[in-house]
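These are my notebook entries on one protein chain. I set down what I looked up, entry by entry.

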Amino acid sequence: MGHLMRPYGVKGWLWVYSHSNPMESILDYSEWIIEKGGVRRPVKVIQGRRQGKGVVVSLEGITTRELAESMANAQIMLPTSALPTLDQGDYYWYQLEGLQVITLEGVVLGKVDHLFETGANDVLVVTGGPDGRERLLPYLPDDVIREIDLEAGTMHVDWDPEF
């Protein structure tokens, strides 16, 4: 869902980098799972708000700037059961990450490492292919993205391997 960035003020508040859209919708969830250093733990969101161009949050048990500093760079996750059900053919980014990307001709391009937004469309970052190249593929269902099979862990794309 995002990550905790750095302290905001002296009372334990933190800046949040949110992957949700709109960014403040991450505050719709009153309990998060925080992962830092390979350790996961649940935390309750006490308060949160939009602050300028970002989001700030107060978490239960984090009451000083020093405690907030210790939480910087922690990943924010939610149990999948807390996420809204999507329509057929829609996917959360986390579902696409790790899928093996294969062209319609059967050429393996690698796996989806992560995604990012450009404004026009989302972009898949594909890495780890046999040629070692990183590829940026536009997430355009029915055009570039032809089939996603979550059970098989594959995504078939109409893409020239030379790109």
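**Entry 1: Nonpolar cores**

I began with the largest nonpolar core, which has 19 residues. Those with the most contacts inside this core are Leu4, Val16, Trp32, Ile34, Val57 and Leu59. I then looked up which elements supply it: strands E2 (13–18), E3 (31–36), E4 (39–51) and E5 (54–59) and helix H1 (65–71) each give at least two residues. The largest share, three residues, comes from E5. Apart from this core I found another, of 16 residues, and among them are Leu96, Leu115, Val144 and Trp159. I noted a general point beside this entry: in soluble globular proteins, nonpolar side chains tend to be buried together.

I must record that the model is predicted.

**Entry 2: The chain as a whole**

How many helices and strands does the protein chain have? I counted two helices and 12 strands. Read along the sequence, they follow the pattern β-β-β-β-β-α-β-α-β-β-β-β-β-β. The C-alpha trace spans about 55 × 35 × 30 Å along its principal axes.

Of the 163 residues in the chain, 34% are buried. I also looked up contacts between residues at least 6 apart in sequence, and 47% of them join residues at least 24 apart. The accessible surface comes to about 9600 Å², and carbon and sulfur atoms account for 49% of it.

Is Ser58 buried or exposed? Its relative accessibility is 11%, and the cut-off for buried is under 20%, so Ser58 counts as buried. Leaving out residues up to four places away in sequence, I listed what Ser58 touches: Trp13, Lys44, Val45, Ile46 and Gln47.

**Entry 3: Charges and salt bridges**

The protein chain has 14 positive and 24 negative side chains. The centres of the two sets lie 14 Å apart. In general, side chains of opposite charge can pair when their charged atoms come close. A search of the whole structure gave me five salt bridges, and I looked up some of them in turn.

In one of them, Arg40 pairs with Glu35, and the closest N and O atoms are 3.4 Å apart. Arg40 has a relative accessible area of 55% and is therefore exposed, whereas Glu35, at 23%, is partly exposed.

Next I took Asp131 and Arg135, where the closest N and O atoms are 2.7 Å apart. Which side chain of this pair is buried? I found that Arg135 is buried, with a relative accessible area of 3%. Asp131 is partly exposed, with a value of 43%.

I then took the salt bridge between the side chains of Asp158 and Arg146, at 3.0 Å from N to O. Where in the chain do Asp158 and Arg146 lie? Asp158 is in the segment after strand E12 (154–157), and Arg146 is in strand E11 (residues 145–149). The two are 12 residues apart, and the pair links distant parts of the chain. Asp158 is partly exposed at 35% relative accessibility, and Arg146 is partly exposed with a relative accessible area of 42%.

How values were computed
Residues numbered from 1 in each chain as written. Predicted model: local features only at pLDDT ≥ 70, side-chain atom pairs only at ≥ 80, totals over all residues. Heavy atoms only, no water. Core = buried A, V, L, I, M, F, W, Y, C linked by side-chain atoms within 4.5 Å. Buried < 20%, exposed > 50% of the residue type's maximum accessible area, 1.4 Å probe, protein only. Helix = DSSP H or I, 4+ residues; strand = E, 2+ residues; numbered from the N terminus. Salt bridge = Lys/Arg side-chain N within 4 Å of Asp/Glu carboxyl O. Contact = heavy atoms within 4.5 Å. Areas by Shrake-Rupley, 256 points an atom, 1.4 Å probe, with all protein chains shown as cover. Lys, Arg positive; Asp, Glu negative; His and termini not counted. Charge placed at Lys NZ, Arg CZ, Asp CG, Glu CD.
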